[in-house]
Amino acid sequence: MEQSALRNVAPPRHALRFFAYVAVVVAAGAVLLVTNLPDGFPASLSAAFWVLAACAVVADTKPFVQVGGDDVTLTLPSVCFTFAILLAFGFAPAVLVQLAAVAITAGRLRHTLWRAAFNAAQYFVSFAVADLIVRRSQHVGWVVVAAVAWFVVNNLLVSTAVWLRFARGWWSRFVRAVRTDALATGALLLSAPGLVAAARVDVLIIPLALVTLYAVRRMTSLSAQRAMAARRDPLTGLANREGLERAVEGRLQEHAERAENQQAARRLALLLLDLDGFKQVNDSLGHRVGDRLLVEVAARLKDRADAEVGRLGGDEFAIVVPHLADIAEARAHAEQMMEALREPVLLDGLPIDVGGSMGVAVYPEHGTGFEELMQHADVAMYDAKGRGDNLAVYAPEADHNSPERLSLLADLRKALGTERDESIALYYQPQVELATGEVVGLEALLRWQHPQRGLIDPEELIKVAEHSAVMRLLTFRVIDDVLDQLVAWGEAGGRVRVAVNVSVRDLHTGEIADRIEAKLRRTGIEPDRLELEITESALMADPRRVLATLARLERLGIAIALDDFGTGYSSMLHLRRLPLKEVKIDRSFVLGAATDADDAAIVRSMIDLARALGLRVVAEGVEDERTWRMLVEAGCDLAQGWYFARPMPPERLLDWLSRHHRATVAHSK
């Protein structure tokens, strides 16, 4: 038995100890051969020996191929004949025939000299151990013990060489080798006594064993084919997840060696591709067309890829790109792969446009194992989808599943699940009507005082929660607290409405409308005193999916505001169709409006557009009097910012509202 993992090439790492071990084994084999030849070779050999020797050489013209774990194992069927020669004629004739068989196999498979020498030596040592046992007795029990000893020693020698070559898991490699090789090699060794008995009856019976070996070879070949098929996708013929994982792990070992030896091109990229609109193809044209589309995409990717391409299931593919210099080169390869989808796929004369989103993770910057690289490529892919792009390289800030964020998410869930937890609070920032100076609205802003980390940045808090089920709990908590606060303020709070930020995920179902309707009924708060804000970029990503929920909220009397207006490239069609009451001009435009002519022109244009559509306009980020005056002149309806007031807790707000109202009345007089 020999494993294909013991490659012809010298190992870049651990070379000294590897070749030292090979040299020791070869030397031991040479000593055994030289010391046994003079006295161990019979003066004459019978016809049975020559028939067994010929069969051994013929049998090794096609070794058995077995697949076990990560290894493809070659088993030399000659051992059944050479072990029979050991039993009948002794050590020296057996190893000489085995040497001839190894030489022929090495020539056919183009093994290097050191590898062929090691293979011959491993057999010499194994036969020597078996010979020591059979010398005691030719009883069948001792023959079985000798066969077991031969098998164990042979696997120990090879597994140790493979371990020194790759430096990982000696015991696991040995156990895996034994399990893979036990049945085939065990059957070959234990057939040897039968061959010896057959030779005593008639030497012409011996060649009949070749027929049996042919049948065994066919069975091992079919078994190997099944094992390899288990690692392939049956539809496209590409590697499946298991096959891709094994390929990546092998490549990572190679790249680790390159890095250790300071070689160039030591990075590897894992590209994860998810097709866009594949479900619509299946639904409209049928699964047969969908399958043909996947086959065509697979062929295009394979034509462009430099290494392994795999299909992970459904419409998701993965590509391995080895030997890269840096992350920029990985991105360039990803862009080339995306070019494969540029041209439509022609099926039955119908052109089908195929798009997709691709995430890129690079070894070692983004991970050192298959699962880590796959996870980070997946994060990058969804980052690309979220940004409306078709390609993204993994960035930690886009990863909502980092250990720190997962820990923070768990703490947030715990806080939301605890009644009367005061670490989560709402601050309120006034919205001032520019025409009168009166406060007509408030924006509820979330604050979380973490017990260990202190005040959590609001943007970080939303990033942690928005891609999980915790966002739903957080939104419901904020809505409940806002409506309860309006009840607590009572008449002292006047008729101000309160704006609450919600995520697009909150609007994917009608649950939020149910929650608000029930809470309004319990508190008796008028619906027009609650406003929901959703960012323009989130809303424009999938407006149709949230339209039903928005329409229902409008029927309840809840106002919908488009937040960060000007940053999400809204189409006029969507602005007309969505049930909006208000747009909020993003602070990035407002902050420079008083000093930058371009920003001022953009702000005026957005105000004119919103007013033409009958929408109320709120300017965020007003921090000085010049900006306030510019907005008044431009016809803006409302404004909020530090120029008027900073966000404040509810217990301070009533006092501020009272003082502001008195100041406004006094100024109007």
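This passage walks through the overall make-up of the chain and then a handful of its local features.

The structure is a predicted model, in which local features need pLDDT of at least 70, side-chain atom pairs count only at pLDDT 80 or more, and totals for chains, interfaces and linings use all residues. Residues are numbered from 1 along each chain as its sequence is written, and side-chain values use heavy atoms, with hydrogens and water left out.

To start with the overall picture, the protein chain comes to 25 helices and 19 strands; these are DSSP runs (H or I, at least four residues, for helices; E, at least two, for strands), numbered from the N terminus. Of its 669 residues, 50% are buried. Here, buried means under 20% relative accessible area, exposed means over 50%, and partly exposed is in between (1.4 Å probe, protein chains only).

Next comes a stretch of helices. Residue I133 sits in helix α5 (residues 113-134) and counts as buried because its relative accessible area is 16%. Leaving aside residues up to four places away in sequence, I133 touches W142, V145, A146 and A149. One of these, V145, is twelve residues from I133 in sequence, and their C-alpha atoms are 7.5 Å apart in space. On the surface, V140, V144, V148, V152 and L190 make up a nonpolar patch with about 390 Å² of accessible area together. Patches are built from residues with over 30% relative accessible area and no salt bridge, joining like charges within 9 Å and nonpolar side chains (Val, Leu, Ile, Met, Phe, Trp, Tyr) within 5 Å. The most comes from helix α6 (residues 140-166), which gives four residues. V140 belongs to this helix, and V140 is exposed because its relative accessible area is 55%.

What about charged pairs? Side chains of opposite charge can pair when their charged atoms come close. The structure holds 27 salt bridges, each being a side-chain nitrogen of Lys or Arg within 4 Å of a carboxyl oxygen of Asp or Glu. D131 pairs up with R135 in one of them, with the closest N and O atoms 2.8 Å apart. D131 is buried, at a relative accessible area of 7%, whereas R135 is exposed at 57%. Another salt bridge joins E339 and R342 (2.7 Å, N to O); E339 is partly exposed at 35%, while R342 is exposed at 56%. A further one links E582 to R497, with 3.8 Å between the closest N and O atoms. This pair ties together distant parts of the chain, since E582 lies in strand β17 (residues 582-585) and R497 in strand β14 (residues 497-501), 85 residues apart. Both E582 and R497 are buried.

Now for a hairpin. Strand β5 (residues 309-313) is mostly covered, with four of its five residues buried. It runs antiparallel to strand β6 (residues 316-324), and four bridges join the two; strands are said to pair if DSSP finds at least two bridges between them. R311, for instance, has F317 as its bridge partner in β6. Two residues separate the strands of this hairpin, and G314 in the turn has a positive phi of about 60°.

Some backbone angles are worth a look too. Most residues other than glycine have a negative phi, and most peptide bonds are trans. H323, in strand β6, is not a glycine but has a positive phi of about 60°. R110 also has a positive phi, near 60°; this residue is in the loop between α4 (91-109) and α5 and is exposed at 72%. The peptide bond from Y363 to P364 is cis, with omega near 5°, and P364 is in the loop between β9 (355-363) and α14.

Finally, helix α14 (residues 370-386) has 17 residues, so at 1.5 Å a residue it should span 24 Å, which agrees with the 24 Å between its end C-alpha atoms. That expected span is 1.5 Å times one less than the number of residues. The buried residues of α14 include F370, L373 and H376. Just after the helix, G388 takes a positive phi of about 70°.

Note on methods:
Accessible areas come from the Shrake-Rupley method with a 1.4 Å probe; for residues, only the protein chains shown count as cover. Contact means heavy atoms within 4.5 Å.
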